[in-house]
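The structure is shown first, and the account follows.

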Amino acid sequence: MVTTEVFDNLKELQEILVQKYELEGKKNDAPKQLGNQEDLLDKTKKEFIEQKANYDSTQEKVVQLKTQLEETVKTREEGEKGVANSTTHREYEALEKQISEAKTLEEQLRKDLQKEEKELAELNERLKNTEELIRFQESELNASRDSLNNELNSYNDKLAKLKKEEDKVTKNINNIYSKEENAELKAQEILFKFQRIIQRNSEGIVSVKNGVCTGCHMILPANFANQVREGEDINFCPYCSRILYYEEVSEDQAEDYLSMGVAGSLAGLDEDFKDEDPDLAEDEDRDSSEYEDEDEDEYSEDSEDADDEDADDEDSEDSDEDDDEEDEE
């Protein structure tokens, strides 16, 4: 027979399991923050690689532009020297054209070089900033790893302590059922269901008050509520699957479950719905009064018709008696 001791142990186990599942959730979520930091560091490193590739490409352009500029300057200077030593007009014009083209190219190369050197300097500054950011993120990540390890160790210590308390309570429950047939299987089934319920609802055992499950607030069938009150076995709510135990309420709220039969369970449910919804009860009372008024009107009309028929029958009998008396004369 299920005693108060079983419910007390289940309540104690409930507190332990709630803490246990909460710690396990925190333990599982803790590395996620570390994972976010690792992802951020990887992203920064990828940005650094892209910046470095742009820097190298720009630096190569700068080298090429400098080489082209040196060659162009050399070509211009050679043309200028040649002009002084030119002997013919055609030779002079060719050298002048060479000098003019060299000057134009030189000017364009200097502009391009200035632009690329400026971009190269900006890229170099970005690289320095990114390198500094990577060092900072790596430092933060290492600190987070150390903190996470300490946090996980703390969680593991608490979980180990809770496991001992859980084993102690489950052992008590097994001992309570030890004298019953298939005791171990029955206790394991109850504990398995109980753990599953708490994982979903964080509350696995609730009271029944006034025929209502306080977990889901659903009205229970009267016969089932009566079984919970008797406490001869573990009962699960048919709606939310929580384990139920009976809890006494004040006299003005108490229901006499023992006096309620199978047929009375529906009536009890109807009354409970009325208690919860006054408007519904008022509508039903109004409908009931309307039906009663209609019945009274029909009864009144039927009574009047019956009186009229009785009067016609009496008149007919009097007429028959007068005819008989005339015949005798």
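## Cysteines

The sulfur of Cys 240 has its closest cysteine sulfur in Cys 237, at 3.6 Å, which is too far for a bond. A disulfide would need the two sulfur atoms to lie within 2.5 Å, and the predicted model accordingly holds zero disulfides.

## Salt bridges

The count of salt bridges comes to 14. Among them is the contact between the side chains of Asp 56 and Lys 52, with N to O at 2.9 Å; these two residues are four apart in helix α1, and so are separated by about one helical turn. Asp 56 is partly exposed at 34% relative accessible area, and Lys 52 is likewise partly exposed, at 35%.

Arg 76 and Glu 80, also four residues apart in helix α1, form a salt bridge whose closest N and O atoms are 3.1 Å apart; here Arg 76 is buried at 15%, whereas Glu 80 is partly exposed at 36%. In helix α2 (residues 89-176), Glu 107 and Lys 111 are again about one turn apart, and their side chains meet in a salt bridge of 3.9 Å, N to O. Through shared partners, salt bridges join Arg 76, Glu 80, Glu 106 and Arg 110 into one network.

## Negative patch

Glu 5, Asp 8, Glu 12, Glu 15 and Glu 165 form a negative surface patch, of which helix α1 (residues 4-85) supplies the largest share, four residues. Glu 5, placed in helix α1, is partly exposed at 48% relative accessibility.

Conventions
Residues are numbered from 1 along each chain as its sequence is written. This is a predicted model: local features need pLDDT of at least 70, side-chain atom pairs count only at pLDDT 80 or more; totals for chains, interfaces and linings use all residues. Side-chain values use heavy atoms; hydrogens and water are left out. Patches are made of residues with over 30% relative accessible area and no salt bridge: like charges are joined within 9 Å, nonpolar side chains (Val, Leu, Ile, Met, Phe, Trp, Tyr) within 5 Å. Accessible areas come from the Shrake-Rupley method with a 1.4 Å probe; for residues, only the protein chains shown count as cover. A salt bridge is a side-chain nitrogen of Lys or Arg within 4 Å of a carboxyl oxygen of Asp or Glu. Lys and Arg count as positive and Asp and Glu as negative; His and the chain ends are not counted. The place of a charge is taken as NZ of Lys, CZ of Arg, CG of Asp or CD of Glu. Buried means under 20% relative accessible area, exposed over 50%, partly exposed in between (1.4 Å probe, protein chains only).
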